[in-house]
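Please look at the sequence and the structure first.

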Amino acid sequence: MAVLPLLLCLLPLAPASSPPQLATPSPCPRRCRCQTQSLPLSVLCPGAGLLFVPPSLDRRAAELRLADNFIAAVRRRDLANMTGLLHLSLSRNTIRHVAAGAFADLRALRALHLDGNRLTSLGEGQLRGLVNLRHLILSNNQLAALAAGALDDCAETLEDLDLSYNNLEQLPWEALGRLGNVNTLGLDHNLLASVPAGAFSRLHKLARLDMTSNRLTTIPPDPLFSRLPLLARPRGSPASALVLAFGGNPLHCNCELVWLRRLAREDDLEACASPPALGGRYFWAVGEEEFVCEPPVVTHRSPPLAVPAGRPAALRCRAVGDPEPRVRWVSPQGRLLGNSSRARAFPNGTLELLVTEPGDGGIFTCIAANAAGEATAAVELTVGPPPPPQLANSTSCDPPRDGDPDVLTPPSAASASASAKAADTGTPASHGVQVTEQGATAALVQWPDQRPIPGIRMYQIQYNSSADDSLVYRMIPADSHSFLLTDLGSGRSYDLCVLAVYEDSATGLTATRPVGCAHFSTEPALRPCGAPHAPFLGGTMIIALGGVIVASVLVFIFVLLMRYKVHGGQPPGKAKVPAPVSSVCSQTNGALGPTPALPTSESSAPRAHTVVQLDCEPWGPSHEPVGP
């Protein structure tokens, strides 16, 4: 029996069971407060003076608050492996850059706050991986661009999107239309100037839309607005009501906003900015009958235009109306014209044919349309035969017409034809006013004497071209019956009228009476003789100077050779060496030594005859005497 206690003492003691313990948490970053004792874990670092995301974060955290710091960028590794994070706040930092894929591991994230930073754009890869995101706050940044695919990963789950207080002029409206679960959409305090029709038609769960303080002049009707009652304030509104705020916009109160005025809505502070008759009035205080539009009226169109084939042609059409009409063009074949390889349509109503072909001629129709109606105008284009080809390297030059007002020619057949067609289409017919001669930049205008009109003080010429809507005036003395216009543009069509300014005897006031009108076209500018290009001129001068130098050297060498031959093969300036002689004769007068020279004065005096004896001795080649 004594052995039993001993055996019991030797048995190994079983360890006592203990409750499960959490894994050892990571150290809490400095100046942060961490909740790691119980789930969910959280790391709170607001206003901690952080310059970057702390690297020692607990990757198991479900909440991370880093607001009110000085973080300038979010890197790819800063939030890696935080797969359980549900709420992330980076508000009011200085973030300018978010790396692509910085949130790729945050697949459980529900709320992301990036407001109050310095983001200028949001690309397609910066929000990648946020497949469960519901709240995205991007307000108070400097966003000017939002990529079309930036919200693709969270398009089906996003419920709250705040883009207010940014610099957005355009939005990816097609991408916003795919946010089927969004409840709140904040677009206020941006630079939006227009909203496309039907932009919100698929947002069936939208409860609040804020477009306050943008640049909207009109809001197009949308099925969403007509389907739900609109209330200005959410207070007291039913749960299904749509709260729409659009105050602070320069609304143009015309017939395009009647649909919005007819909706049931409480009074609010929206006001009309235009037209002038309604400017400053509260939107909801304006009666429906005052929301009116004006149908378009064509105020200017190009006169009949004639151009040679292969040249460009510009057809112009101007219209006014409320709202501003949109101008479209229809070809002679009935096709609607737009931007293509051969034509360009501009918003101001100009249609430019880059290269005309013979088949382009005919009647072009300008259609100006707005919400109140439409107006049409016809413009005739005549395409003539192509001009003769000009050789690029030809040595001959065309006559200097452009810029030389003295070179005038009679009106061409095309211009005469255009003038006749202008008369047929309603252009004021000529009553004696003729353009007898014309050039590229000048034209001679003549009109008959107006003696039947008493008290003529002067004549007035008014004209404008097809490329300019402004009128040009010229005052001519009363005794003149012709005038030379020297400020015209080449290859343009002009409408010109002459008026007689006289004193009305009945009223004593100055009055005008039309003398007549004419339509003409200036000649196209031809290629003038131009000066050589600077590189060509410089090369020519160098070649010429080198040729002169080479010619001078050759002439100098030739002169030296001639002088050398004249002097017997010896260089000029040196004495010629005498040839060797076979004998030397010495002159003696019986005395030794040289004979002194006589003075110059004695050379002319008579001298006595002196007998001179010449002794000649033969010499050899070595100048030594030969013989004994």
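## Nonpolar cores

Leu112 is in contact (heavy atoms within 4.5 Å) with Leu88, Phe103, Leu127, Leu130, Leu133, His135, Leu136 and Ile137, leaving aside its neighbours within four places in sequence. The model is predicted: local features need pLDDT of at least 70 and side-chain atom pairs count only at pLDDT 80 or more, while totals for chains, interfaces and linings use all residues. Residues are numbered from 1 along each chain as its sequence is written, and side-chain values use heavy atoms, with hydrogens and water left out.

A nonpolar core is a set of buried Ala, Val, Leu, Ile, Met, Phe, Trp, Tyr and Cys residues joined through side-chain atoms within 4.5 Å. Buried means under 20% relative accessible area, exposed over 50%, and partly exposed in between (1.4 Å probe, protein chains only). The largest nonpolar core has 77 residues, and Leu88, Phe103, Leu112 and Phe200 have the most contacts inside it. Two or more residues of this core come from each of helix H2 (173-176), helix H3 (223-227), strand E15 (242-245) and helix H4 (258-261). Helices (H or I, at least four residues) and strands (E, at least two) are DSSP runs, numbered from the N terminus. Apart from this core lies another, of 22 residues, including Trp447 and Phe520.

## Salt bridges

A salt bridge is a side-chain nitrogen of Lys or Arg within 4 Å of a carboxyl oxygen of Asp or Glu. By this rule there are 13 salt bridges. One of them joins the side chains of Asp115 and Arg92 (3.9 Å, N to O). Asp115 lies in the loop between strand E7 (111-113) and strand E8 (121-122), and Arg92 in the loop between strand E5 (87-89) and strand E6 (97-98), so the pair ties together parts that are 23 residues apart in sequence. Asp115 counts as buried because its relative accessibility is 12%, whereas Arg92, at 44%, counts as partly exposed. Asp68, Arg92 and Asp115 are linked in a network of salt bridges.

Arg262 and Glu288 also meet in a salt bridge through their side chains (3.3 Å, N to O). Arg262 is exposed, at 58% relative accessibility, and Glu288 is partly exposed, at 36%.

## A nonpolar surface patch

Which residues make the nonpolar surface patch of about 690 Å²? They are Leu545, Ile549, Val553, Phe556, Ile557, Leu560 and Leu561. Leu545 is found in helix H6 (residues 534-566) and counts as exposed, at 54% relative accessibility. Patches are made of residues with over 30% relative accessible area and no salt bridge, with like charges joined within 9 Å and nonpolar side chains (Val, Leu, Ile, Met, Phe, Trp, Tyr) within 5 Å.

Technical notes. Areas by Shrake-Rupley, 256 points an atom, 1.4 Å probe, with all protein chains shown as cover.
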